[in-house]
Amino acid sequence: MNCVIVAGFLFSAFTVNPVSAQIQGRQPQASNPTQAAAGTAQAIPEAYAAPFEPLDAKAQAQLNALLRAWETQSKGTKTLECRFQRWHYDLFAAPAGVHATKCQGEIKYAAPDRGLFKVDQKLSFDGMKDEKPQYSEKPGQFGEHWVCNGQELLEFDHSKKECRVQQLPPEMQGQKIFESPLPFVFNLDAKQIVERYWVRQVQAPKEGMILIEAYPKRQEDRSQYKLVQIALNEKTYMPEALLMYAPNFNIKTAPRWDHYEFINVQRNSISQGLFDRFMKKFIDEKPPGDWKVFHNSYQPQEPPQMATPGESAHTLR
């Protein structure tokens, strides 16, 4: 997936596996948790038609109010930092219900256009032993690492000790760079969301949770993901879980999706008087002196693939 966007997934901490299992298990017709997670995405049509019937007046009004409340909450975010965990599922790489890779790392965000995403540990599935999945770190294989300082996009390739620096065009500086798949969490624009996505609220698996599904309308978004499921805290409107399905997701032919969770979230932890001085060091990471550095203008790449076991996914755009 496009990991420049992962900074837009920052949200409050929650218990690790239960939330995900509850979301995945809301499909009663599925015979196992993996099929449950896949049930909704499998039904997404390939055409550009809406994937569900138009909402009735009551449901639409409820959704509009939800998006307005979410927008109000998210626009108050100045800085956000946390640890994260990501589980990648691929039924061709690991058994049903077993993740193929697990990553952990850190995320930082500063409104409107500064961010850091860094995987500092990646474990890959090695097989089953005594009916338990086994994992290990593979030498020379690293997860994603990128930084945006507002004017430049820096991608760090730890396997090659290389850093690629892309100069952002003027129209992308000083603005939200998190175009897709979810410009939801930071500075949410409710009108823009409705224009770009078919959005609906669906039945949540537990009290206190709001469950939303978002289907992309634009081809450039559809080339990156097929469906996003977001669980929000009913009181704070902060996301508690997020699942993203591959662009060509199909439970039989392409059973791949990612599940993100975030830990120890700190939101607006800087006092206003220290904000300017703090920001100079908050996201100002440079490559080691012995790395090769390449400079070029920002160039959108081909649609990136989801993370796969056994390789470092370079998903920076």
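**Figure 1. The buried residues of helix α3.** In α3, the buried residues are L63, L66, L67, W70, Q73 and S74, where buried means under 20% relative accessible area, exposed over 50%, and partly exposed in between (1.4 Å probe, protein chains only). Looking down the axis of α3, you'd find its buried residues within an arc of 125°, so they line one face of the helix; the arc is that of the directions from the helix axis to the C-beta atoms. An α-helix has 3.6 residues a turn, so residues three or four places apart point the same way. On the face of α3 turned away from its buried side sit the exposed residues A57, K58 and T72. This is a predicted model, so a bit of bookkeeping: local features need pLDDT of at least 70, side-chain atom pairs count only at pLDDT 80 or more, and totals for chains, interfaces and linings use all residues. Residues are numbered from 1 along each chain as its sequence is written, and side-chain values use heavy atoms, with hydrogens and water left out.

Figure 2. The buried residues of α3 pack against α4 (190-196), along with β8 (197-202), β9 (209-216), β10 (227-233), β11 (239-245) and β12 (256-267). Contact here means heavy atoms within 4.5 Å. Helices (H or I, at least four residues) and strands (E, at least two) are DSSP runs, numbered from the N terminus. With 18 residues, α3 reaches 26 Å from its first C-alpha to its last, close to the 26 Å expected at 1.5 Å a residue; the expected span is 1.5 Å times one less than the number of residues. At the start of α3, a side-chain oxygen of D56 comes to within 3.2 Å of the backbone nitrogen of K58.

Figure 3. A59 belongs to helix α3 (residues 57-74). Its relative accessibility is 28%, so A59 counts as partly exposed. V202 is 143 residues away along the chain, yet the C-alpha atoms of A59 and V202 are separated by 9.9 Å.

**Figure 4. Strand β1 and its two partners.** Eleven of the twelve residues of β1 (residues 79-90) are buried, so the strand is largely enclosed by the rest of the structure. Ten bridges join β1 to β2 (residues 101-110), and the two run antiparallel. β12 is also antiparallel to β1, with ten bridges joining them. Two strands pair if DSSP finds at least two bridges between them. To get your bearings, T79 has A110 as its bridge partner in β2, while D90 has R256 in β12.

Figure 5. H88 is in strand β1. Is H88 buried or exposed? At 0% relative accessibility, H88 counts as buried. Its side chain makes a polar contact with the side chain of D258 (2.6 Å). A polar contact is a pair of N or O atoms within 3.5 Å; within protein, one must be able to donate a hydrogen and the other to accept it, and residues adjacent in sequence count only if both atoms are side-chain atoms.

**Figure 6. G150 in its loop.** You'll find G150 in the loop between β5 (145-149) and β6 (152-157). At 1% relative accessibility, G150 counts as buried. Q167 is 17 residues from G150 along the chain, and their C-alpha atoms are separated by 9.5 Å.
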